[in-house]
Amino acid sequence: MMTRRLTQLFIGLALYGFSLAMFIRAALGLDPWDVFHQGLAGKVGWSIGMVVVVVSFLVLLLWIPLRQRPGIGTLSNAVLVGVFADVGLLLIPEFSHLGGQIALLVGAVLLNGIASACYIGARLGPGPRDGLMTGLARRTGWSVRLSRTGIEIVVLAAGWLLGGSIGVGTVVYALAIGPLVQLLLPKFMVPEPPAVALATADDKEQVPVQAA
C-alpha cells in the first residue's frame, strides 16, 4: 500500500509541475499562487521552479505558529513541483496562435485537477500552501473557504503588483479546479489499510449495546 501511495504522490507532483508549465506557455493567465511566483521570478531573476521551491519552504515556516506538522507529501511537494515546472518549460514550446493557447489552457486545468487528486488521494500530507489554508482556518475559527479566499486574494494582488500574469486562465482555474478535483478525488483516494478497517470494526463490536 505504501508503494502505491508514494508512486501516486510522485506522479501527481510531477504532473502538477507540468501543468504549471502548461499554464505559463498558454500565456492566458495563471492561478493566484503562480501569478505571485511568476511576478517574483521576474523580479529576482530566478526560474519560476526555483521560486516555487523557495516560497514553499518560506510558507512552511508559517506552519510553526499554526502548529501544523508536515508529512512526506508536504516536503515532496515543496521540492518536486518546482523542479518539474522547470522541466516542463524546457519541453513545452511557446504558442502564438490563440487556438493553441486555449487548448493548452484547457489541458493545463484538466492535468492540474488530475495531479491534485493524485497527490491529495495519496494521503501523505498536504502541500505547503494547502496546509497554510487549513492551519489558518483551524487556529482562527474561519471557514476553509474564507481562509483560502483571503490568502489567494493577498498573493494574487502581490503577484499582479510584481508583474505576474492575470487573465482568462485565472478565472477559468478558479471556477473549474474545485469541482474537477471533487469529481476526480474518489477515483484516486487510497483506501484505508485493511488493518485499520479491521481495528475499527473490532472497536465497534466491543461497544456495549444499550437496552432500549
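Before you start clicking: contact here means heavy atoms within 4.5 Å, and helices are DSSP runs (H or I, at least four residues) numbered from the N terminus. You're looking at a predicted model, where local features need pLDDT of at least 70, side-chain atom pairs count only at pLDDT 80 or more, and totals for chains, interfaces and linings use all residues. Residues are numbered from 1 along each chain as its sequence is written, and side-chain values use heavy atoms, with hydrogens and water left out.

**Stop 1: α3**

Select 48-66, which is α3. This helix has 19 residues and runs 27 Å from its first C-alpha to its last, close to the 27 Å expected at 1.5 Å a residue (the expected span being 1.5 Å times one less than the number of residues). Now show its buried side (buried means under 20% relative accessible area, exposed over 50%, partly exposed in between, with a 1.4 Å probe and protein chains only). Among the buried residues are Val52, Val55, Val59, Leu60 and Trp63. What do the buried residues of α3 pack against? Bring up α1 (2-26), α2, α4 and α6, and you have the partners.

**Stop 2: the salt bridges**

A salt bridge is a side-chain nitrogen of Lys or Arg within 4 Å of a carboxyl oxygen of Asp or Glu, and by this rule there are two. Pick Glu94 and Arg25 to begin with; their closest N and O atoms are 3.6 Å apart. Glu94 sits in the loop between α4 and α5 and Arg25 in helix α1, so the pair ties together parts 69 residues apart in sequence. Glu94 is exposed, at 66% relative accessible area, whereas Arg25 is buried, at 17%.

Next, select Arg148 and Glu152, with closest N and O atoms 3.1 Å apart. Both are in helix α7, four residues apart, about one turn of the helix. Arg148 is partly exposed, at 34%.

**Stop 3: the largest pocket**

Stay on Arg148 and Glu152: together with Asp130, Met133 and Tyr173 they lie nearest the centre of the largest pocket, which is lined by 39 residues. (On a 1 Å grid over the protein atoms alone, a pocket is an open set of points where a 1.4 Å probe fits, with protein on both sides within 12 Å along at least five of seven lines; lining residues have an atom within 4 Å of a point.) Its volume is about 1000 Å³, meaning the space filled by probe spheres set on the points, which are joined across faces, edges and corners.

Colour the lining by class and you get 20 nonpolar, 11 polar and eight charged residues (Ala, Val, Leu, Ile, Met, Phe, Trp, Tyr, Cys and Pro count as nonpolar, Asp, Glu, Lys and Arg as charged, the others, Gly among them, as polar).

Terms used: Helices (H or I, at least four residues) and strands (E, at least two) are DSSP runs, numbered from the N terminus.
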